[in-house]
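Open the model in your viewer and follow along. Each stop tells you what to select next.

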Amino acid sequence: MATPVVTKTAWKLQEIVAHASNVSSLVLGKASGRLLATGGDDCRVNLWSINKPNCIMSLTGHTSPVESVRLNTPEELIVAGSQSGSIRVWDLEAAKILRTLMGHKANICSLDFHPYGEFVASGSQDTNIKLWDIRRKGCVFRYRGHSQAVRCLRFSPDGKWLASAADDHTVKLWDLTAGKMMSEFPGHTGPVNVVEFHPNEYLLASGSSDRTIRFWDLEKFQVVSCIEGEPGPVRSVLFNPDGCCLYSGCQDSLRVYGWEPERCFDVVLVNWGKVADLAICNDQLIGVAFSQSNVSSYVVDLTRVTRTGTVARDPVQDHRPLAQPPPNPSAPLRRIYERPSTTCSKPQRVKQNSESERRSPSSEDDRDERESRAEIQNAEDYNEIFQPKNSISRTPPRRSEPFPAPPEDDAATAKEAAKPSPAMDVQFPVPNLEVLPRPPVVASTPAPKAEPAIIPATRNEPIGLKASDFLPAVKIPQQAELVDEDAMSQIRKGHDTMCVVLTSRHKNLDTVRAVWTTGDIKTSVDSAVAINDLSVVVDLLNIVNQKASLWKLDLCTTVLPQIEKLLQSKYESYVQTGCTSLKLILQRFLPLITDMLAAPPSVGVDISREERLHKCRLCYKQLKSISGLVKSKSGLSGRHGSTFRELHLLMASLD
């Protein structure tokens with residue numbers, strides 16, 4: 001009889017090379033939890049079956065990188081939006097292009113299918129939200145109200161409302177029947193990345209880059225609770241199907257939250273990095289994350305996760321449980337959604353659409369649809385998923401087996417995992433898992449590996465260096481104990497140059513730190529600039545960028561020349577820091593600069609106004625110099641290109 005193996009709570013399932021270039025978007029099919037769609041800088045949309053190495057289908061037709069993808073609920077249609085603002089809808093079962101929708105003027109940042117009708121909502125960097133009728137190939141309505149890029153869209157379960165989240169730190173709720181905004185939910189202090197409706201109650205959750213999650217009551221239009229102290233930006237949230245809790249995906253953990261009052265039920269350590277989407281199937285939570293051209297999938301066994309009741313300890317924050325107040329049985333429950341029995345009718349038009357939005361299909365659209373193709377890469381998997389052998393195989397949906405957990409790495413880990421947990425007191429035997437083959441890393445389109453022009457910010461080892469070169473080739477024989485001086489001498493051998501660099505950097509940071517303790521931000525930045533070491537400037541700006549109130553006009557005059565150097569750097573982290581600082585300056589000071597320069601001269605002597613005018617002129621001159629660089633880089637693909645295009649839009653008033 002085989003010895004039982006204790007299953008793991010969370011494990012990495014698979015890693016694939018999804019595109020020939022960087023992956024810019026991906027989404028999981030929520031109905032099955034097994035279908036994955038990815039969009040990349042190679043202008044393709046690829047479909048995958050979770051835990052299978054080969055691409056099922058590759059969809060072509062876009063001429064610019066695909067930045068947003070979304071599957072409909074039955075997983076029969078997929079919509080993809082590109083950097084150019086075009087939207088394409090494919091029929092997966094027919095393996096052909098269904099519609100091409102044109103109308104946005106900038107990147108498509110978010111998409112969502114209506115749960116019942118033949119409608120798609122799209123949010124763009126041009127700040128507009130549009131509702132499209134797939135059958136008639138036209139825009140039904142346009143919603144305006146956000147001042148920055150719309151990052152997430154979600155329809156309510158009954159299909160009557162649409163929630164939007166944007167970089168302007170707000171969440172808005174739109175009434176699709178009336179065609180107007182119902183309410184605005186402020187409160188976040190950073191860009192809102194994701195919103196999610198409760199499956200039953202009138203409740204909305206929103207996650208932001210400010211490391212908070214807020215719950216909103218959709219009857220009273222007010223905040224219910226706010227969870228703070230997330231270890232990083234909230235990238236993905238998902239309610240449990242029965243609505244008992246909310247799952248939050250951060251950089252290195254999955255957290256399980258309750259509300260009214262806010263509390264943390266459990267924390268599961270998952271090193272998935274930039275998690276992009278979550279789905280639940282067979283009492284398992286499947287998460288997908290991407291980094292450059294790689295896509296990784298992870299599984300969390302929800303039977304071993306605390307979802308209600310006693311609050312679990314939080315190993316990431318402070319090893320202490322959050323206090324859980326006793327439940328209040330007299331508290332009134334919110335209303336639940338009234339699900340329509342038939343497909344919803346077309347939303348009422350409040351005003352006439354513009355000519356460009358209700359234009360009839362042109363020959364150019366027909367040509368685009370003819371050039372769009374659905375290439376089936378794996379016929380066997382395609383037929384299994386999209387071509388059922390009988391017409392009722394999707395009613396009820398096909399059931400799939402849970403993903404098996406890998407065996408524990410060693411006996412000690414297995415013994416530790418065998419201890420009873422709050423969520424589960426029994427052991428789960430996993431037969432015939434003595435040897436579990438590692439999923440191969442495959443590519444849908446092979447491409448030669450080249451040295452990157454921009455050195456990425458996150459990588460396992462330095463470019464051009466191998467960690468093995470710095471490790472001893474053979475085990476050192478046992479010898480007498482070394483004194484500290486001899487040990488340090490051996491460690492430094494061959495690393496004199498690196499020691500000099502690190503010593504110099506440490507000295508420079510000590511110099512800046514000595515000035516920083518005085519509380520004078522301007523002098524601290526001046527000292528960092530005087531050292532003439534961009535790495536020190538980057539370290540200091542990363543701190544200042546976290547608090548916008550530290551920025552003053554005289555600080556901009558010192559930082560702007562350094563930003564121009566950072567934007568031209570070959571290091572991705574330097575470029576990111578430069579873009580973040582430039583965006584803060586443009587949002588806080590560009591209106592002041594333009595107003596001061598356009599104002600008529602003052603009467604009499606006003607020294608403070610003259611000083612401010614001098615600083616504005618200096619900043620304007622520096623911004624004009626940077627604007628040319630930003631414009632030249634706005635044509636790049638991927639995340640950098642999107643950031644530079646956003647900066648180019650913000651700097652439009654300089655012209």
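Predicted model: local features only at pLDDT ≥ 70, side-chain atom pairs only at ≥ 80, totals over all residues.

**Whole chain**

Residues are numbered from 1 along each chain as its sequence is written, and side-chain values use heavy atoms, leaving out hydrogens and water.

Colour by secondary structure. The chain has 11 helices and 29 strands (DSSP runs numbered from the N terminus: helices are H or I, at least four residues; strands are E, at least two). Of the 655 residues, 47% are buried (under 20% relative accessible area with a 1.4 Å probe, protein chains only; exposed means over 50%, partly exposed in between).

**Helix H5**

Select residues 496-516. This is helix H5, with 21 residues. From first C-alpha to last, H5 reaches 30 Å, close to the 30 Å expected at 1.5 Å a residue (1.5 Å times one less than the number of residues).

Which residues of H5 are buried? Pick Asn508, Val512 and Val515. Look down the axis: these buried residues fall within an arc of 55°, so they line one face of H5 (the arc uses directions from the helix axis to the C-beta atoms).

Now show 521-531 and 534-544. These are helices H6 and H7, included in what covers the buried residues of H5.

Turn to the face of H5 away from its buried side. Exposed residues there include Leu502, His506 and Arg513.

Conventions:
Contact = heavy atoms within 4.5 Å.
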